[in-house]
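Here are some notes for a colleague who is opening this entry for the first time. Please read them with the structure in view.

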Amino acid sequence: MAAGVAAVAAMLTGCSVTMVNSTPEVSAADLEKGITEQLEKSGTTPKFVNCKDDLVGEVGKTTSCKVLLPDESAFHVDITATKVESGKVDYVSLVSLSEPELENAVTGMTTAESVTCEAGLNGTAGARTQCHITKDGTTYVDTVSVKKVDGLIMRLALGKATEQP
């Protein structure tokens, strides 16, 4: 069974920077605005986007943003600075689902009574983890994988479930 989970997976490039002690950074507000604009281009207006911190303009520095969609599904966007030149910070964004976020997504893909996953997933095609899915009192083990990342959509797929002894 396959299903799509709307998520930011596009490459975003930072343009708006401020200087703090001569180190450029992209403000959390600008990151939130960029993620919101990317989602709106795909036809989804998020309930909220909350970035934990500003992105410091040093290659390899990271920050994380949480996104909540109108259907109450949530995911994270991990942002990493890739280049800093002339006060401009370039960065890439990778969507990820924490364990609870993935469990909610899998529950939405199935008619399960409960779902427990061994780990979350990052938005890389081929990434996978195992989930224990309880349906009608029977628990099955299933592999959940990222089938495809297409623009702002991360498509998840469930493998062939096997009954857990």
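**Notes on the sheet, its helices and the disulfides**

1. A place to begin is the pairing of strand E7 (residues 74-85) with strand E8 (residues 88-97), which run antiparallel and are joined by 9 bridges. Within this pairing, Ala81 stands opposite Tyr91 in E8. Please keep in mind throughout that this is a predicted model, and that the values given here are computed from it.

2. E7 and E8 belong to an open sheet of 5 strands, whose order is E4-E6-E7-E8-E10 and whose pairing is antiparallel. Strand E4 (48-51) and strand E10 (121-122) stand at the edges with a single partner strand each, so one side of each has no neighbour in the sheet.

3. Helix H1 (residues 28-41) lies across E4, strand E6 (62-68), E7 and E8, and runs at about 145° to E4. Helix H2 (residues 99-109) also packs on the sheet, where it touches E6, E7, E8 and E10, and its direction makes about 55° with that of E8. In the protein chain as a whole there are 2 helices and 14 strands.

4. How many disulfides does the model contain? The count comes to 2 disulfides, and, with bonded cysteines counted along the chain, they follow the pattern 1-2, 3-4.

5. One of these disulfides is formed by Cys51 and Cys65, whose sulfur atoms are 2.0 Å apart. This pair links distant parts of the chain, with Cys51 in strand E4 and Cys65 in strand E6, 14 residues apart. The link of Cys51 and Cys65 is right-handed, with 100° about the S-S bond. Are these cysteines buried or exposed? Buried means under 20% relative accessible area; Cys51, with a relative accessible area of 4%, is therefore buried, and Cys65, with 0%, is buried too.

6. The other disulfide is formed by Cys117 and Cys131, with sulfur atoms 2.0 Å apart. Here too the pair links distant parts of the chain, since Cys117 lies in strand E9 (residues 114-117) and Cys131 in strand E11 (residues 128-135), 14 residues apart. The link of Cys117 and Cys131 is right-handed, with 100° about the S-S bond. With a relative accessible area of 4%, Cys117 is buried, and Cys131 is buried with a relative accessible area of 0%.

7. Some values describe the chain as a whole. Buried residues make up 41% of the 165 residues in the protein chain, which exposes about 8500 Å², with carbon and sulfur atoms supplying 49% of that area. Among contacts between residues at least 6 apart in sequence, 44% join residues at least 24 apart.

8. A last point concerns the confidence of the prediction. The mean pLDDT of the protein chain is 84, and 82% of its residues reach 70 or more. Over residues 1-15, however, the pLDDT is below 50, although this stretch has 55 contacts in the model beyond near neighbours in sequence.

Methods
Residues are numbered from 1 along each chain as its sequence is written. This is a predicted model: local features need pLDDT of at least 70, side-chain atom pairs count only at pLDDT 80 or more; totals for chains, interfaces and linings use all residues. Side-chain values use heavy atoms; hydrogens and water are left out. Two strands pair if DSSP finds at least two bridges between them. Helices (H or I, at least four residues) and strands (E, at least two) are DSSP runs, numbered from the N terminus. Contact means heavy atoms within 4.5 Å. Axes are lines fitted to C-alpha atoms, for helices over the stretch in contact, and angles run from 0 to 180 degrees between N-to-C directions. pLDDT is the predictor's confidence in each residue, from 0 to 100. A disulfide is a pair of cysteine sulfur atoms within 2.5 Å. Buried means under 20% relative accessible area, exposed over 50%, partly exposed in between (1.4 Å probe, protein chains only). Accessible areas come from the Shrake-Rupley method with a 1.4 Å probe; for residues, only the protein chains shown count as cover.
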